[in-house]
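Dear colleague,

Please find below the structure for your review. My notes on its helices and on several individual residues follow it.

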Amino acid sequence: MAKLTQLIDNEVFQAYATYAAIVLLKMMLMSLITAYFRIRRKAFANPEDTASFGKGESAKKYLRTDVDVERVRRGHLNDLENIVPFLGIGLLYALSGPELSTALLHFRIFAGARIFHTIAYLTPLPQPSRGLSWAVGYVVTISMAYKVLKTGLNL
């Protein structure tokens, strides 16, 4: 069994950790962007969030949805649906012994696709830019999952 220090010294694992941190930070940034748009548009989801705008009926007008806030939220949800599987499958992939160059290609393409997806979602860029960036990241995750299954099951 490999020791933890061997894992940490593994270049593929280091690459995985780097790109996992990048996409996680990007996903965390979406929370801040959501908060920014909520404050800027004065569109809140909870009554207690409107307290600084008054009480009672005067604050109720701020309990509403806003198209820009919802766009950011949908982008954030899409991150959750795609980055979380990448984290698990990417870790298993990194532990399956891939070539460093192949692993870097997978990790870089995924991170780039997710960053571009966010730009395409928030700008918004015309379709199919957002759909293609989603598909590229999805295919990368499937490719890593296939390698894990091939290695583990001798497919």
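In these notes, contact means heavy atoms within 4.5 Å. Helices are DSSP runs (H or I, at least four residues), numbered from the N terminus. This is a predicted model, in which local features need pLDDT of at least 70 and side-chain atom pairs count only at pLDDT 80 or more, whereas totals for chains, interfaces and linings use all residues. Residues are numbered from 1 along each chain as its sequence is written, and side-chain values use heavy atoms, with hydrogens and water left out.

Helix H6

Helix H6 covers residues 129-153. Its 25 residues reach 36 Å from the first C-alpha to the last, close to the 36 Å expected at 1.5 Å a residue (the expected span is 1.5 Å times one less than the number of residues). Ser133 counts as buried because its relative accessibility is 6%. Leaving out residues up to four places away in sequence, Ser133 touches Ala113, Phe116 and His117. Just after H6, Asn154 takes a positive phi of about 55 degrees.

Helix pairs

Two packed helices are described by the angle between their axes and the distance between the axes. Here the axes are lines fitted to C-alpha atoms, for helices over the stretch in contact, and angles run from 0 to 180 degrees between N-to-C directions. Angles under 35 degrees count as roughly parallel, over 145 as roughly antiparallel, 65 to 115 as roughly perpendicular and the rest as oblique.

The axes of H4 and H6 come within 8 Å and cross at roughly 20 degrees, which means that H4 is roughly parallel to H6. H4 passes H6 in a left-handed crossing (left-handed: the near helix is turned anticlockwise from the far one by less than a right angle; right-handed: clockwise). The residues of this contact divide into 10 nonpolar, 4 polar and 3 charged. In this classification, Ala, Val, Leu, Ile, Met, Phe, Trp, Tyr, Cys and Pro are nonpolar, Asp, Glu, Lys and Arg are charged, and the others, Gly among them, are polar.

H4 and H5 pack at about 175 degrees with their axes 10 Å apart, and are therefore roughly antiparallel. The contact of H4 with H5 has 10 nonpolar, 8 polar and 4 charged residues. On the H4 side the residues include Arg71, Asn78 and Phe86, and among those they meet in H5 are His106, Phe110 and Tyr121.

Helix H2 (residues 11-41) and helix H4 (residues 67-95) have axes that come within 10 Å and cross at roughly 165 degrees; H2 and H4 are therefore roughly antiparallel as well. The crossing of H2 past H4 is left-handed. By class, the contact of H2 with H4 has 18 nonpolar, 5 polar and 6 charged residues.

Two further residues

His76 is in helix H4 and is buried, with a relative accessible area of 17%. Apart from residues up to four places away in sequence, His76 touches Met27, Met30 and Ser31.

Thr65 lies in the loop between helix H3 (57-60) and H4 and counts as exposed, at 62% relative accessibility. Beyond its neighbours within four places in sequence, Thr65 is in contact with Ala43 and Glu70. Thr65 and Leu153 are 88 residues apart in sequence and 48 Å apart in space, C-alpha to C-alpha.

Yours sincerely

Key. Helix = DSSP H or I, 4+ residues; strand = E, 2+ residues; numbered from the N terminus. Buried < 20%, exposed > 50% of the residue type's maximum accessible area, 1.4 Å probe, protein only.
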